[in-house]
Amino acid sequence: MFLKLVPRAEHSRKMAYLSPLLAGVLTLITGGVFFYLQGHDPFFALKTMLYTPISDTYGLAELCVKTTPILLCAIGLAIVFKAQVWNIGAEGQLLIGGLAASALAVNIIEVEAAWAMPAVMLAGIAGGALWALLAAWLKTHFNANEILTTIMFNYIALNLLIFSVHGPLKDPDGYNFPESAMFGDASLLPILVEDTRVHAGILFALLAVVIIWVLLARSFIGFQIKVLGLDASAARLAGFKDKKLVWITMLISGGLAGLAGAGEVAGPIGQLVPQISPGYGYAAIIVAFLGRLHPVGILFASLLMALIYMGGEMAQIELNMPLAITGLFQGMLLFYLLACDVLIGYKIKFPWSGMDTVTSRAEQH
Amino acid sequence: MNTPTVSSNPDRPKRLVMQGITKQYPGCLANDSVDLDIGVGEIHALLGENGAGKSTLMKIIYGVVKPDAGQLIWEGETIRIKDPAHARKLGIGMVFQHFSLFETLTVTENIALALGNEADDMKALAEKIRSVSARYGMALNPQRYVHSLSVGERQRVEIVRCLVQDIRLLILDEPTSVLTPQEVDTLFITLRRLAEEGCSILFISHKLNEVKALCHRATVLRAGRVSGACIPTEEDASSMARMMVGDETPISMDYDKVQGQAVFLQVRGLNQRSDDPFGVDLKNINLDVHAGEIVGIAGVAGNGQEELLAALSGEDIIKNHDAIHFPCGPVGHLCPEKRRRKGLAFVPEERLGRGAVPDMSLKDNALLTGFLTGLIKNGMIDHEGTESFAKKIIKQFKVKTPDSGTHAKSLSGGNLQKFIIGREIMQNPQLLVAAHPTWGVDIGAATAIHQALIDLRDQGAAILIVSEDIDELFLISDRLCAICDGALSPIKPTPQVTLEEVGRWMAGMFDELLPDEKTPEANIVSLQSTAAAVKTH
């Protein structure tokens, strides 16, 4: 026998926090080996991917821009995942949010009043929330598995968006390009730092982190959500309404993903285009787990994920690597995280450590 | 119950000898150099509380678990039992506490599955089942589907499944916990006949009177170690109990029986169809629980207890709102939270994973049902208030735990149950409904829980206890009844009922007492169950 996994008497809290770090280190090592096999100096390649993109002010500003949608989606997912409702549809909810925001924005291009931007944001929230509520309705009324419905809704959302930019929302003066008209200035998110693209969306995201944190840690609704996720029959016994909680969590997560979409079209992009997200909604799933469903953890994980997106682009430019490298790193990170999470419930028993280690551990209890 | 006819004979040849058996689980030493020997034709009791290591030991004999140290000597030869198939080949049969039968198959098909290739001719097998079951006084029709059998009959299938092979050692894990007292007597007759023919029997139990009535010798386990061995007929129940629990734990006491005051819970004509295809429909349940009394409901598991409890707790909503009344009015349509607001507290059967969230701290688990006691302010949790509520429960009910931050799952069953009962009682309920309050709990904790229930009763609360443990119900109930196939027997003051009468109620023989109150449908049902019960005896 080689290594053996032995169940721990109790889940290790230390390992729960160490596991994401360990996964990060293993991803770096594997990535380095991978670069080496491709004929690059692994240290230079990793530096190009993970340091060069943020080595100047512009890079740091871009990191904020990329972090914003990922963080908004992931913080929303934290709350549904806590309830063990598996919303895999943040991507679709983001797209519909962007679509709804654009539908309003192109109709108020002339408006210069201050309400324009908040109205566009609200339209995005409403769009994303509605899209999530469809899945919530299917789950609570027909017991349809939300993993399947939300994934399928992602494709419907993408095609709705493509249809809209080719059809009803296409700019009449746009030489038939599949793009909407540029939004009016009043509809756009204000720039926070001059000469960069950092926009007010990051403030919404940080505000969402604080609100969700308070909700989960201090509010009774948050407590009910946690109980539902950990032990549904205890929630029923206590009289918590599970259907209501499914609706609430889906509403929050869909709304935040929709806000992320609105922030993209009314932020760095400024119009509706077919490509408003390079898979932010999917990356947010990895981020939510990497951050242990904790708001602070998710904040850091979002920054890392944004960096991987930028690093992928940098690797494309500097090292002539394909853009798929972003997906590769995301995949490795998730893979290693899931593998390392096994160590929360199990410990490795080495062939040279016999019975005595097990016994001594038992005596501590 | 009869006393055993065969006296113990220390010189009879040994069938199985276990020496120094040790088994380590993570965080728990389940067996610590256990010695045990069983003679040919001997009925040997393995006594101990839940968690004493009985189950691990018999799984080692049956090849399910491998010991870390120690040896097994089977009929004079040292062996290693590889797996249950190997054990069966040696002639070891086992009847688990939870049956492993396919409900949609017949008795013969179920037994054929266990036999594998040996059971090629189904007709011959059916004939064999018939003859074996007749020989040992266990009526069983090989053609019946398992889902149509009573729990007692299912146990017979499990036993017959062992008997159709060449059986030399039969292991029974708490076989009487699912039987009525009359069924227990029938089982004992079978076991005695088997032993007379030379089969060895390992009888695992924590019911001392049964061990006294049946077994030739007993080995007592406590915390994984052998804490004593004795000849049960020469001991009394309390001396064996001492071996089981040690010297420091107080063992049972007697409580006064009282009469209740005004009616608090009133159930009238409660009919509820079960959504579960294998569930039990409730049939015209009528029940009053008065303030200041304890009403006990006996019954074999799976006779409608779960359905009745769900109807009372509010987890199931009742179509006829009037069927369940509190003094404030009908409550059948109210959700659990609203019923709690009107004075209900509830202790469910499963303590981990319903009564308490395993992965939450005791503090959070105190909030789980305690949130109505002013711990929520403007939708926000009063963390300090919750903390002190949890600490009060821990202190008052002597819950053994490092602190209120400990996860519920790391508490022992008895401690967690004390915490859950404490949590409900501390909310000053006017009605407490408790399911199996001391199931799987050590004797010390059980005594503490009984005392807490009696104290709550004396403060004027109405209490309803559903339990499979008849001794417990006789001990603490002021009035008693039984449930069978979704119908409730008459309720009588405890001093006026005998064990035999409760046994008859548990078998469904009570329809003649309430002829005018029953619907025609209910009459048919109870006639059927009476017929079934009569047939089986």
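Which residue forms a salt bridge with B:E42, and how far apart are the closest N and O atoms? The legends below begin with that pair.

This is a predicted model, in which local features need pLDDT of at least 70 and side-chain atom pairs count only at pLDDT 80 or more, while totals for chains, interfaces and linings use all residues. Residues are numbered from 1 along each chain as its sequence is written, chains are lettered from A and ligands numbered from 1 in the order in which they are written, and side-chain values use heavy atoms, with hydrogens and water left out.

**View 1. A salt bridge within chain B.** The partner of B:E42 is B:R217, with the closest N and O atoms 3.2 Å apart. B:E42 sits in the loop between β2 (28-39) and β3 (43-47) of chain B and B:R217 in strand β9 (residues 217-222), so the pair ties together parts that are 175 residues apart in sequence. Helices (H or I, at least four residues) and strands (E, at least two) are DSSP runs, numbered from the N terminus. A salt bridge here is a side-chain nitrogen of Lys or Arg within 4 Å of a carboxyl oxygen of Asp or Glu. Over all chains, the structure holds 33 salt bridges.

**View 2. The domains of chain B.** Chain B is assigned domain 1 (14-91 + 166-245), domain 2 (249-343 + 430-537) and domain 3 (352-428), with bounds that come from an automatic or database domain assignment. Between the C-alpha centres of domain 1 and domain 3 of chain B there are 37 Å. In an unreviewed UniProt entry, the annotation "domain: ABC transporter" covers residues 16-248 and 265-510 of chain B; such annotations, given in the numbering used here with shortened feature names, may be inferred rather than shown by experiment. For residues 265-510 of chain B, the end C-alpha atoms lie 23 Å apart, and the span is 33% helix and 22% strand.

**View 3. Where chain B meets chain A.** This contact (heavy atoms within 4.5 Å) takes 32 residues from chain B and 29 residues from chain A. The two chains bury about 2400 Å² between them, 71% of it on carbon and sulfur atoms; buried area is the accessible area (1.4 Å probe) that two parts lose on being put together, summed over both. Look here for the one salt bridge across the interface of chain B and chain A: the side chains of B:E337 and A:K241 meet at 3.8 Å, N to O. On the side of chain B that touches chain A, the elements giving two or more residues are α10 (336-341), α11 (362-370) and β18 (380-381) of chain B. Of these, α11(B) supplies the largest share, four residues.

**View 4. The two domains of chain A.** Domain 1 (1-38 + 321-365) and domain 2 (67-291) make up the division of chain A, and their C-alpha centres lie 33 Å apart. Five residues of domain 1 of chain A are in contact with four residues of domain 2 of chain A. Together these domains bury about 470 Å², 84% of it on carbon and sulfur atoms. A:Q330, A:L334 and A:L337 supply 66% of the area that domain 1 of chain A buries against domain 2 of chain A, more than any other three residues. The count of salt bridges between these two domains of chain A is zero. Helix α13 (residues 325-345) of chain A gives the most to the side of domain 1 that touches domain 2, with four residues.
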